[in-house]
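This report describes one protein chain for a reader who has its sequence and its 3D structure at hand. Please look at both before reading on.

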Amino acid sequence: MTDKTQIFQERFLNPVKKAGMVTIIIAMFCLFLPGLYLYFFHGLLPPFGPFIKALIAVWSFMIVMGILEPIVYYPILGFGGTYMSFLVGNILNLRVPVSATAQQVVGTSEGTPEAEVVSTIGIAGSIIASELVMIVGILALLPLINRISEATLAAGDPGAQVSMGLIALGKALDQVLPALFGALGGVFLFRVPKLGIVPLGLGFIIAFIKSDLPYSIVIPLMVIISILAARIMYKKGWVKGEGMM
């Protein structure tokens, strides 16, 4: 082990691992506090049958995503970024773009110690910024968001007086997330266009044949096939390892 690797392991990875595990465990405990409060202070307890059915419905989806998401996002987020991102959420629509952009701007390659540090700093900054923006946004925009939601719900009522501007704004906001994913995907596809052939083609086929498939099936299927296709392309020499990093 070189001095650089040893310093990185001792001064960065080990403290990050310790802090990440502690904060994740504390967060998991805090998730139960609202339910425990309702039970111990108000005596509220859901019926056993519906409670088990709800647990099975949620776990059947979350178990798959809980295993796949850290595997899929880790190469971009890095070690510290993965802990922070899964603690605060907004992984796909905020933390992944921030990490990818920070590494691209600095010029580091995924998987290196430099990329790990840059990703961690970028995601930490995004968390601080997003919390501040969220506080201001909630205070300033919540009345407008409520009006947009009410206008969207009332759009199907012929007798309702609805502002067309609010309806159009609500539909425009629905396109923010797909546009963000498209921009992020474009960054990686332009680096190695061949790697986009299989996932894009598979996505079009699924959308054409069965567009109402749940995400819990579509995402794992596309992730597994895309990884296998990339592995085969790399082994066949159709793509270069340097371009993939």
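## Overall fold

Helices (H or I, at least four residues) and strands (E, at least two) are DSSP runs, numbered from the N terminus. The protein has ten helices and zero strands. Along the sequence this gives the pattern α-α-α-α-α-α-α-α-α-α.

The model is a predicted one, in which local features need pLDDT of at least 70 and side-chain atom pairs count only at pLDDT 80 or more, while totals for chains, interfaces and linings use all residues. Residues are numbered from 1 along each chain as its sequence is written, and side-chain values use heavy atoms, with hydrogens and water left out.

## Confidence

The predictor's confidence in each residue is called pLDDT and runs from 0 to 100. Its mean over the protein is 79, and 85% of the residues reach 70 or more. Among the elements, helix 2 has the highest mean pLDDT (89), and helix 10 (residues 241-244) has the lowest (54). Where pLDDT is low, the predicted coordinates should not be read in detail.

## Surface and burial

Accessible areas come from the Shrake-Rupley method with a 1.4 Å probe; for residues, only the protein chains shown count as cover. The accessible surface of the protein is about 17100 Å², and carbon and sulfur atoms account for 74% of that surface.

A residue is buried under 20% relative accessible area, exposed over 50%, and partly exposed in between (1.4 Å probe, protein chains only). Of the 245 residues in the protein, 22% are buried. Contact means heavy atoms within 4.5 Å.

## A nonpolar patch

Patches are made of residues with over 30% relative accessible area and no salt bridge; like charges are joined within 9 Å, and nonpolar side chains (Val, Leu, Ile, Met, Phe, Trp, Tyr) within 5 Å. A salt bridge is a side-chain nitrogen of Lys or Arg within 4 Å of a carboxyl oxygen of Asp or Glu. On the surface of this protein, a nonpolar patch is formed by F29, L31, F32, L33, L36, Y37, L38, Y39, F40, F41, L44 and L45, which together have about 1400 Å² of accessible area.

Which helices each supply at least two residues of the patch? They are helix 1 (3-31) and helix 2 (33-42). Helix 2 gives the largest share, seven residues. F32 sits in the loop between helix 1 and helix 2, and F32 counts as exposed because its relative accessibility is 56%.

N90 is located in the loop between helix 3 (48-88) and helix 4. Most residues other than glycine have a negative phi. The phi of N90, however, is positive, near 55°. N90 is partly exposed, since its relative accessible area is 35%.

Helix 4 (residues 91-106) contains V105, and Q103 also lies in helix 4. Is Q103 buried or exposed? Q103 is buried, because its relative accessible area is 4%. Apart from neighbours within four places in sequence, Q103 contacts I76, T108, S109, E110, A115, V118 and S119. V105, in contrast, is exposed at 67% relative accessible area. Its C-alpha atom is 9.9 Å from that of V118, a residue 13 places away along the chain.

S130 belongs to helix 5 (residues 113-154). With a relative accessible area of 14%, S130 is buried. Beyond its neighbours within four places in sequence, S130 is in contact with L94 and R95.

## Aromatic pairs

Rings of Phe, Tyr and Trp (its six-membered ring) pair if their centres lie within 6.5 Å; planes under 30 degrees apart count as stacked, over 60 as edge-to-face and the rest as tilted. This rule gives five aromatic pairs. One of them is the tilted pair of Y73 and F86, with 6.5 Å centre to centre and 40° between the planes. Y73 is buried at 10% relative accessibility, while F86 is partly exposed at 30%.

## Helix 8

P199 is part of helix 8 (residues 197-209). P199 is partly exposed, because its relative accessibility is 24%. Not counting residues up to four places away in sequence, P199 touches M222 and S226. The C-alpha atoms of P199 and A229 are separated by 8.8 Å, and the two residues are 30 apart along the chain.
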